[in-house]
Amino acid sequence: MKKLFLFICLTFLTSGFAQNIPYTILISFDGFRWDYTNRGLTPNIELLKNEGVSSLSLQPVFPSKTFPNHYSIITGQYPQNHGIIANFFENPITGEKYSLGDTNAVRNPYWYWGEAFWETAERQGIKCASYFWPGSEVELDYRRPTYYEKYDHVRPYSTRIDGIINWLSLPFEKRPKFITLYFDAADTYGHRFGPNSKEIDFTIASLDSLIGNLVINLKKIEMYDSTNIILVSDHGMTEISKERFIDIDKILEGYNYKVDGNGPMVFINSENKEITQLYDFLKASEKNFKVYLKDEIPNHFKFSQNYLFGDIIMIADMGWSIMTNKDLENWGKYFNKGNHGYDNHHLDMHGYFIANGPSFKKNYKTGTLLNIDIYPLLCDIYKLTPKSNIDGKADRINFILKED
Ligand code: AMP
Ligand code: ZN
Ligand code: ZN
């Protein structure tokens with residue numbers, strides 16, 4: 001009798017009540033532009049799209065770079081609030097530097113002011129895992145998902161898929177409910193060859209096969225029907241050219257200044273506090289870029305009120321690059337054909353969003369979604385209380401969820 005009761009309880013736990021909480025895999029294809037699925041190269045993604053929800057595009061936050069956007073997706077906050085304001089930046093007060101290539105900085109919780117979804121979820125009893133995601137490696141146990149992998153740029157893609165399948169094959173109590181997964185290829189080849197190249201088309205097709213493999217493997221372990229697959233990208237990509245550059249050292253000859261960054265967006269700091277003169281001069285030279293004092297950045301960028309910002313911000317027009325003399329020395333040699341980081345409202349900077357699985361509507365197409373709304377969406381899926389002061393809003397996105 002006792003045994004029968006235990007059996008009923010276990011069956012209830014593993015199939016009934018507990019399985020109402022779905023599994024979710026959030027997959028980021030870095031730099032996968034919103035229109036890459038319209039090239040007839042993505043039959044596997046097309047299946048997920050037609051069976052689930054797809055949006056016209058996914059609007060990134062400014063600056064449309066990798067770390068600020070991945071951290072916005074997973075925290076629901078703008079960079080001005082979550083603290084990862086660029087891929088590379090400096091604390092002007094202490095001189096400490098953050099860089100995506102510096103493992104110590106990337107793992108230092110000091111820079112991460114947001115609450116990642118895995119923190120919210122783990123605290124409320126949902127086990128999480130991350131096969132790469134900016135912010136997932138911080139050196140504080142309670143801020144990380146239960147399972148995580150340290151970023152390894154060259155880790156074979158098939159090993160990453162195997163890792164996910166292994167996690168989802170764990171015994172029920174150990175199995176993570178929410179998993180992130182990341183692939184860089186569309187960004188890497190988009191930079192190198194541009195968004196309109198045959199090389200990027202080849203990359204798009206191979207990323208699509210990867211999704212095909214994932215689906216086959218999920219079906220093999222009988223997890224496909226209970227798993228949400230959310231496909232996102234952090235930003236898009238636009239063509240740049242060798243001819244379209246802004247020589248910042250030439251413009252500011254004679255001034256004392258420091259330039260942080262290059263390409264689509266740079267901070268300019270004055271070395272002897274002549275900020276107003278520098279700004280006035282740049283404003284008078286405004287051609288193929290826009291310049292703002294840090295307190296006067298237009299509100300639609302949601303990029304102000306943060307002491308980490310430089311005194312002056314310059315944003316290049318789409319396809320233009322702001323370069324110092326030092327940058328220009330290598331400009332010809334290492335020339336890239338694509339870039340991102342520009343105005344996040346421009347469609348070329350938009351990413352993609354497709355969601356498929358038990359939580360989502362079927363065959364539902366919607367307009368542009370905002371990536372800061374993904375965190376509250378995930379909270380809704382798992383019926384969790386979100387962090388209170390986020391920028392994302394559940395009611396701008398939760399109409400894509402299946403009605404209970
Ligand atoms: P970007 O195109 O400059 O905005 O950044 C893209 C690069 O970010 C990729 O090529 C990756 O090498 C790097 N990256 C992405 N995720 C991570 C991570 N979790 N840790 C370290 N680097 C990463
Ligand atoms: Zn990126
Ligand atoms: Zn990139």
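Predicted model: local features only at pLDDT ≥ 70, side-chain atom pairs only at ≥ 80, totals over all residues.

**Salt bridges in the model**

Let me begin with Arg107, which at 16% relative accessibility counts as buried, where buried means under 20% relative accessible area, exposed over 50%, and partly exposed in between, using a 1.4 Å probe and protein chains only. Side-chain values use heavy atoms, with hydrogens and water left out, and residues are numbered from 1 along each chain as its sequence is written.

Arg107 meets Glu137 in a salt bridge, at 2.8 Å from N to O, the term meaning a side-chain nitrogen of Lys or Arg within 4 Å of a carboxyl oxygen of Asp or Glu. Glu137 is buried as well, with a relative accessible area of 8%.

Now to Glu90, which is buried at 18% relative accessible area and forms a salt bridge with Lys258, the closest N and O atoms being 3.3 Å apart. This pair links distant parts of the chain, 168 residues apart, with Glu90 in strand E4 and Lys258 in strand E12, strands being DSSP runs of E with at least two residues, numbered from the N terminus. Lys258 is partly exposed, at 32%.

Glu90 also forms a salt bridge with Lys97, at 3.5 Å between the closest N and O atoms, and Lys97 is exposed, at 56%.

Finally, Arg33, Asp35 and Asp348 are linked in a network of salt bridges, and the count by this rule comes to 16 salt bridges.

Methods: Chains lettered and ligands numbered in written order. Helix = DSSP H or I, 4+ residues; strand = E, 2+ residues; numbered from the N terminus.
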